[in-house]
Amino acid sequence: MAAGDRLPGDVDPATRDAAPRPGPAVLLLHMCNADRKSWEPLGPQLAAAGIHALALDYRGYGESGGERFKDDPPKQQKVVTEKWPGDVDAALAWIEAQPGVDKGRIGAAGGSCGVNQAIQMARRHPGAARALVLLAGGTNRAGVQFLV
């Protein structure tokens with residue numbers, strides 16, 4: 001992201017790899033107990049291929065805002081289900097508003113915890129998420145029904 005560009009609230013900071021020309025975009029949603037840096041090798045490769053990429057730190061992870069809950073699984077689960085969806089939606093809205101991003105061609109890639117976040121984002125915004133890459137993670141019943 002350029003200096004001064006900020007995502008709302010606890011989503012910031014994030015890493016944007018801008019493609020050199022107009023094109024599709026993808027949100028990169030990291031694994032449980034990881035952070036956006038796990039996507040570092042992929043973001044620049046996607047941008048070089050003409051795909052804008054945005055990787056964010058979930059609330060409470062990496063350099064994001066929010067309380068840390070490493071040793072409190074019940075609190076972590078509450079944040080995952082109640083806060084992260086809004087953070088992902090904010091990231092989606094932000095990337096859609098960027099110059100050169102084709103709003104009709106946005107996808108999400110998620111690993112582990114990011115799988116459910118990507119699926120649920122696609123459920124909430126059926127016209128936005130045109131492609132999903134789902135790596136080693138689960139989802140709930142509503143997510144399964146959405147996929148079939």
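How many residues does helix α3 have, and how far does the helix reach from its first C-alpha to its last? The legends below start there; keep in mind that this is a predicted model.

**View 1. Helix α3 from end to end.** Helix α3 covers residues 84-96, which makes 13 residues. From the first C-alpha to the last it reaches 18 Å, close to the 18 Å expected at 1.5 Å a residue.

**View 2. What α3 packs against.** Here we look at the buried residues of α3: Trp84, Pro85, Asp87, Val88, Ala90, Ala91, Leu92, Trp94 and Ile95. They pack against the strands β1 (14-17), β2 (23-29), β3 and β4 (101-111). On the helix side, their packing partners are α2 and α4 (113-124).

View 3. Glutamate 63 sits in the loop between β3 (52-56) and α2 (73-82). With a relative accessible area of 45%, glutamate 63 falls between the 20% and 50% cut-offs, so it counts as partly exposed. Its side chain makes a polar contact with the side chain of lysine 37, at 3.1 Å.

View 4. Leu134, Phe146 and Leu147 together make a nonpolar surface patch of about 250 Å². Leucine 147 belongs to helix α5, residues 141-147. This leucine 147 is partly exposed, and its relative accessible area is 45%.

Definitions and conventions:
Residues are numbered from 1 along each chain as its sequence is written. This is a predicted model: local features need pLDDT of at least 70, side-chain atom pairs count only at pLDDT 80 or more; totals for chains, interfaces and linings use all residues. Side-chain values use heavy atoms; hydrogens and water are left out. Helices (H or I, at least four residues) and strands (E, at least two) are DSSP runs, numbered from the N terminus. Buried means under 20% relative accessible area, exposed over 50%, partly exposed in between (1.4 Å probe, protein chains only). A polar contact is a pair of N or O atoms within 3.5 Å; within protein, one must be able to donate a hydrogen and the other to accept it, and residues adjacent in sequence count only if both atoms are side-chain atoms. Patches are made of residues with over 30% relative accessible area and no salt bridge: like charges are joined within 9 Å, nonpolar side chains (Val, Leu, Ile, Met, Phe, Trp, Tyr) within 5 Å. Accessible areas come from the Shrake-Rupley method with a 1.4 Å probe; for residues, only the protein chains shown count as cover. A salt bridge is a side-chain nitrogen of Lys or Arg within 4 Å of a carboxyl oxygen of Asp or Glu. The expected span of a helix is 1.5 Å times one less than its number of residues. Contact means heavy atoms within 4.5 Å.
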